[in-house]
Amino acid sequence: MLTLSICLAFVTGTMVIHLTENVDAAIIEVGDGMEYECINSALENATDGDTILIHQGTYQENILVEKQLVIRGTDSTGVIIDGSDDDIAVNIVADGVIFNNLSVINAGIGVKVQGDNVHVENCHVNNSDKAIVLYNVLGGHVQDVTISNSEDGILIWHSEDISIFNVTVNAPLQNGIRLSESCDIIIDGCIITDPGYHPVYVSRSNEIFIDDCFFSGGSHGLFLYKSQSITLTHNHMARGIGINGDSLSFFDSHFLENNTVDGGVLYYLRSINGINMTGITGQIVLVNVTESVVYNSIFSDLETGMILAYSNDNILVGNTMGSNFEGVKFIASTENTLHHNNFINNTRQVYSPDNSSKENTWTDGLGDGNHWSDYHGIDDGSNGGYPGDGVGDTEIPHPFDDKGGGYHQLDSEPLINATKTVTTYIHLNSGWNFVSLELVTPSHQLADVLESVDGMYDKLIVYEAQSWFSFVDGRPNLFNNFNKINRSMGFWIHMMEPGNLTVTGTTPARTKIVLNPGWNMVGMPSATAFYGENLPENVTIVGLFNDSMEYMLEYHNAGDVIYLPNNGYWLKLEGDVSVVWNVVWCSS
């Protein structure tokens, strides 16, 4: 090997270059008919800086590299070091070693690196329990390596400043790459397929950079355990990512961008308030997210469909979690509301290692919960329920195995049938209209629900809980006390011009509308018309919209009227006791 030492000195504008050449470096050849026929003999006679050139053949040896050498094969597949199933085939303890263009087979550890700044390049490591191990190393490089038939591909322990480029690991029994208590690691352009556990497992490590990799099969494509400052860009992690730890810093210190999973995109949102995510596919991770909505999205065929970590007061509605190992995972996340979601054939429908799942709300407050493929109760009207309304009445609250042994009863109103997302159109004339919604909208905010007629209306009025509420465009918000709409409400809307209110939402099973003594302004959240015999018996009079009448209402006996979807109604309840009107959506 030639070593050049360059010294630059500037004296009165003149640059002086001194070159020192290591003239003692030698090339030592190993192979049949060469100076040495076994590698260990060449190692014994080599000195720092020498190159050991190994010719084609199989060498049944276990070698210990204690000198700074270049160890190179003439053919990466034809030069084979066979460890004979012994502990370590190649053990590199010296610094600055270059080991390239060889194959290593049949060992407990194929290549073990304990020296700093060692390069392992253009090699094949097969049939070893642990293909490549870097232990307590400062600086190192693994590039263009193929690993197969191993228990673990690459293990990096207590090491720093390591780069792994263009490594392929095929079907390891455990992990493709495992990092433990290490930092400043780059993994770039790697392909890991069909591991028994994880393609990449990172434990108690930080400052890890993973880019342009493809991970498929196994459990999570990447699993982070008590690790910080992980950067993931331009990767495909087929089964998604997993994160665990016991403090927020293990979740919110990462940077993820332009990553995909099978079926869609990996969304990682942290420290956000008030965002709406609609119609996405892939995986979503919410970290320290509050007052946000995830709606009408699909998370399927992953290890974990959705992860909520340190996230509170969010709404998950109309989503489908299907064929995942875990449908939704909660970590230190409470006061979230989940309803009208479909949990389909997940091994664990919901998982929460800290039991925080039970500190969330699993119904919408209007009579509906979520659909569970493992719910086997009956809609028979028992336990105070209503027969045939699409909500289970037995085996409630719905129990499921949340922690691999601990059953938690969460959903008291499980849906018999899966929900779906549909769109309705409500024509609004100029002037006053008395209308309602039949669907579960992802947001109840006035501006969101009425977005399709924004700028076309100027007034809204509603009567709820025996009080009037109103909204007037341009009036200070302090005086606009009508700002939320749900499907149980009838409301008046004044249009400045005709328009079509477009409502996209999730189909409910039923809606429980509380009727108080006296007059009630209600909606008709059903897909089909029905006659008044479905009303509670103490409802005697109904007011219908008629813009030619005084106050734009005409009154009838409640039982004589056909009740139409998307209309508002003014119902009078006799007596002094409130009742519940159970309105079934009844899709046709």
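Strands (E, at least two residues) and helices (H or I, at least four) are taken here as DSSP runs, numbered from the N terminus. I am working on a predicted model, where local features need pLDDT of at least 70, side-chain atom pairs count only at pLDDT 80 or more, and totals for chains, interfaces and linings use all residues. Residues are numbered from 1 along each chain as its sequence is written, and side-chain values use heavy atoms, with hydrogens and water left out.

Entry: I looked up Ile-562 and found it in strand β56, residues 562-563. Ile-562 is partly exposed because its relative accessibility is 40%, the class between buried (under 20%) and exposed (over 50%), with a 1.4 Å probe and protein chains only. Together with Tyr-531 and Leu-564, Ile-562 makes a nonpolar surface patch of about 280 Å². Patch members have over 30% relative accessible area and no salt bridge; nonpolar side chains are joined within 5 Å, like charges within 9 Å. Areas are Shrake-Rupley values with a 1.4 Å probe.

Entry: backbone exceptions. Most residues other than glycine have a negative phi, and most peptide bonds are trans. I noted Asn-101, with a positive phi of about 65 degrees, in the loop between β9 (98-100) and β10 (103-113). Asn-101 is buried, at a relative accessible area of 16%. Met-552 has a positive phi of about 60 degrees and sits in the loop between β54 (539-545) and β55 (553-557). Met-552 is partly exposed at 22%. I also logged a cis peptide bond between Ile-396 and Pro-397, with omega about -10 degrees. Pro-397 lies in the loop between β42 (371-372) and β43 (398-401).

Entry: sheet. I traced an open sheet of four strands with parallel pairing, in the order β34-β37-β40-β42. Its edge strands, β34 (298-300) and β42, each pair on one side only. Pairing requires at least two DSSP bridges between two strands. Strand β40 (residues 342-344) is joined to β42 by two bridges, and Asn-342 stands opposite His-371 in β42.

Entry: Asn-516. Which side chain does the side chain of Asn-516 meet in a polar contact? I found that of Ser-578, at 2.9 Å. A polar contact is a pair of N or O atoms within 3.5 Å; within protein, one must be able to donate a hydrogen and the other to accept it, and residues adjacent in sequence count only if both atoms are side-chain atoms. Asn-516 is in the loop between β51 (510-515) and β52 (518-522), and is buried at 18%.

Note on methods: Salt bridge = Lys/Arg side-chain N within 4 Å of Asp/Glu carboxyl O.
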